[in-house]
Amino acid sequence: MLLRFLIGILLTTPAFAWRYTVDFQNGFYWQTLPVPFTVVDDNPTRKTKMENFVKMAMKEWEELGTDLDIWTFLQGGGTANIIRWSDNFQQETNMDPGSVLAVTIRYTGGPYFAKSEIIVNGNHPLTHYDTHLLTTLTHELGHTMGLDHSEKFDAIMAPSLQTSYKGVTRDDINGMTAAYEENQERSLTGFVSPLAYETETEKNALSCGTVGAVAAPGSNFLSLALGILIGFVRKLISWFKSLK
Ligand SMILES: [Zn+2]
């Protein structure tokens, strides 16, 4: 009985927690992969630095993580998919510039993602730290492929910034691989979402894409521990009920 109880706890503790964004769930996808991205910036020094970080973030997913060809980096433009700094983050995105580090906007056109834009908050001090910029870009690139926030506290797709850069986790790799394969499947079969032509004009799908401010040390762990504890108590209660 006790053994069954313990196995029950193990089975009900989620091993992975990646999720798709609502628009990806609703059937939108990239017509062709890999998805091209370019950096747009009037300041050449800042542009070069951002380009190097974007390449590192892509490499993190593709070479160290999934072994997939997800994005293409275009040095000289030539695509509508852009990554850029914003010095007027609040006005441009309507997001809180004090807590949001970046947003990813996915636009849809017909059944497809028409374009995507990653806007990094230049008004937030944390985006000017190399480590946090790399984490932020890696996280936002995940959003471009239809990955939403993960409930795994140490995932790159977790909603809160990690205090030190740890790169993509197994949870992220599983999520990205699933999103990539789902995208390819839809592309090959020419899948058309029932919602594809609902609106006449291009829809601005700002469905998430935020990286929260750094949480107080330990708070992520605390919330996870609490989640497990609640699951344990629930299991315990149902076990006691079953004894009657
Ligand atoms: Zn996010």
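Biologist: Which residues touch the most other members of the largest nonpolar core?

Modeller: V54 and M176 do, out of 41 residues in that core. A nonpolar core here is a set of buried Ala, Val, Leu, Ile, Met, Phe, Trp, Tyr and Cys residues joined through C-beta atoms within 7 Å. At least two residues each come from β1 (35–39), α3, β3 (82–86), β4, β5, α5 and α6, and α3 gives the most, with five. Keep in mind that this is a predicted model: local features need pLDDT of at least 70, side-chain atom pairs count only at pLDDT 80 or more, and totals for chains, interfaces and linings use all residues. Numbering starts from 1 along each chain as its sequence is written.

Biologist: What does M176 touch beyond four places in sequence?

Modeller: W61, G65, T66, G142, M145 and L147. Touching is contact, with C-beta atoms placed from the backbone and lying within 7 Å. M176 is also one of the buried residues of α6, among them I173, A179 and Y180. The cover over those buried residues includes α2 (22–25), α3 (44–66) and α5 (130–144).

Biologist: How do you know that the length of α6 agrees with its 20 residues?

Modeller: The expected span is 1.5 Å times one less than the number of residues. For α6 (residues 170–189) that gives 28 Å, and its end C-alpha atoms are 28 Å apart, so the two agree. Helices are DSSP runs of H or I with at least four residues, strands are E runs of at least two, and both are numbered from the N terminus.

Biologist: What makes β4 and β5 a pair?

Modeller: Pairing takes at least two DSSP bridges. Strands β4 (residues 102–109) and β5 (residues 112–121) have eight, in the antiparallel sense. R106 stands opposite S116 in β5.

Biologist: Where does pLDDT stay under 50?

Modeller: Over residues 200–237. pLDDT is the predictor's confidence in each residue, from 0 to 100. The chain averages 80, and 74% of the residues score at least 70.

Conventions
A residue is buried if 20 or more other C-beta atoms lie within 10 Å of its own, exposed if 12 or fewer, and partly exposed in between; C-beta atoms are placed from the backbone. Two residues are in contact if their C-beta atoms, placed from the backbone, lie within 7 Å.
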